[in-house]
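Morning, everyone. Let me put the structure up, and then we'll walk through a few places in it.

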Amino acid sequence: MQFWALIVDSFRESLDRKIFWVMLLITLVVAAAMFCVGFQPGRIDILFGTWSIATDKFTLAGKIRPDFLAGIATEWIMDNILGWLAIILAVIATAGFLPSLMERGVVEVVLSKPLPRWKVFLGKYIGSLMFFAVHAVIFVVLTFFVVGFRWGAWVPGYLLGIPLTVLLFSFLYCVSALVAVTTRSGVAAILITLGAWVGFAGIQSLGDAFEMYPEWKDSRMIYETSRVMRWVVPKTQDLTYIAREWSGAASPLEMLGEPKDQKDREMLDRASQAENARLEIHPVYSIGTSLLFEAAVVLLAMWKFSRQDY
């Protein structure tokens, strides 16, 4: 009961922060904006037909392509709004949870209860994940029904975006928790976590570059080092590919249409090679190795929290 009370307390603490309501407002605005847009064969209607944009990009044989609509929802909306903006806001909102717990006058009261320190840490950690999970559920469910009722494309696989985005946040929050316990600074946790996110993406992008330019693999030391680093760090970018595949969404490269010239075609072919290499990665491998990273970091943060002098 005390462990569950810690989790609930962490979630209640998040409700007191304005970012919670900012994230909720963003979700409602995005869902409302999506509802104002409709897709018809040969055109896109904006504000319920007030304006129309003529395009055949989403039409095939006189019918709207549901995989293209799923691509818009998954790649452009869920990935950019929930997978970027909401996660940044969540990192900012939760970065101060552990430092505030470790303040004098607070930590003594918490640790006076008959509860091991590792459980105290884990309760705060899970409570922070619940904070983001609630927003992920609201965002994905709302936009799922908008895509279904308004756009006419029911995509059950889109709902798998809920656990995938929560996983993405957890891969980043473990870094935030470790920095928070080590420095007792929420600001440091925010900056280092966002920097780590850029680093994770950069390592994966370097791997994509080797697929796009195979001749770079001649630099064996750099290539092998990037492969090892890519295995170790969380595969934050892979989750978008997994979400797209599970929802049956069209590739963004396919949605771009035909290239205008030979140079564009060559770049598109190279990008397709990198994308195919990503799609060949099994989700169990991608998520499993990322969870191993998270487990190692959480155990280290838990150990540091348990060994601190208060």
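First, a term: axes are lines fitted to C-alpha atoms, for helices over the stretch in contact, and angles run from 0 to 180 degrees between N-to-C directions. Helices (H or I, at least four residues) and strands (E, at least two) are DSSP runs, numbered from the N terminus.

This is a predicted model, where local features need pLDDT of at least 70, side-chain atom pairs count only at pLDDT 80 or more, and totals for chains, interfaces and linings use all residues. Residues are numbered from 1 along each chain as its sequence is written, and side-chain values use heavy atoms, leaving out hydrogens and water.

Start with a helix pair. H6 covers residues 117-149 and H7 covers residues 161-183. They pack at an angle of about 150°, and their axes are 9 Å apart. Who touches whom? Contact means heavy atoms within 4.5 Å. From H6, the contact residues include Phe121, Tyr125 and Phe132. From H7, they include Phe169 and Tyr173. The residues of this contact comprise 16 nonpolar, four polar and no charged. Here Ala, Val, Leu, Ile, Met, Phe, Trp, Tyr, Cys and Pro count as nonpolar, Asp, Glu, Lys and Arg as charged, and the others, Gly among them, as polar.

Now the rings. Phe, Tyr and Trp rings (the six-membered one for Trp) pair if their centres lie within 6.5 Å; planes under 30 degrees apart are stacked, over 60 edge-to-face, the rest tilted. The whole structure has 15 aromatic pairs. Phenylalanine 20 and tryptophan 21 have ring centres 4.9 Å apart and planes at 75°, so this pair is edge-to-face. Phenylalanine 145 and phenylalanine 149 are stacked, at 6.0 Å centre to centre with 15° between the planes. Both lie in H6, four residues apart, about one turn of the helix. One aromatic cluster is formed by Phe121, Tyr125, Phe132, Phe169, Tyr173 and Phe305.

Is threonine 236 buried or exposed? Buried means under 20% relative accessible area, exposed over 50%, partly exposed in between (1.4 Å probe, protein chains only). Threonine 236 has 4% relative accessibility, so it is buried. It lies in the loop between H9 (220-232) and H10 (238-247). Beyond neighbours within four places in sequence, threonine 236 contacts Leu168, Trp197, Phe200, Ala201 and Gln204.

Arginine 184 sits in the loop between H7 and H8 (186-212). It is partly exposed, at 37%. Its phi is positive, about 60°, although it is not a glycine.
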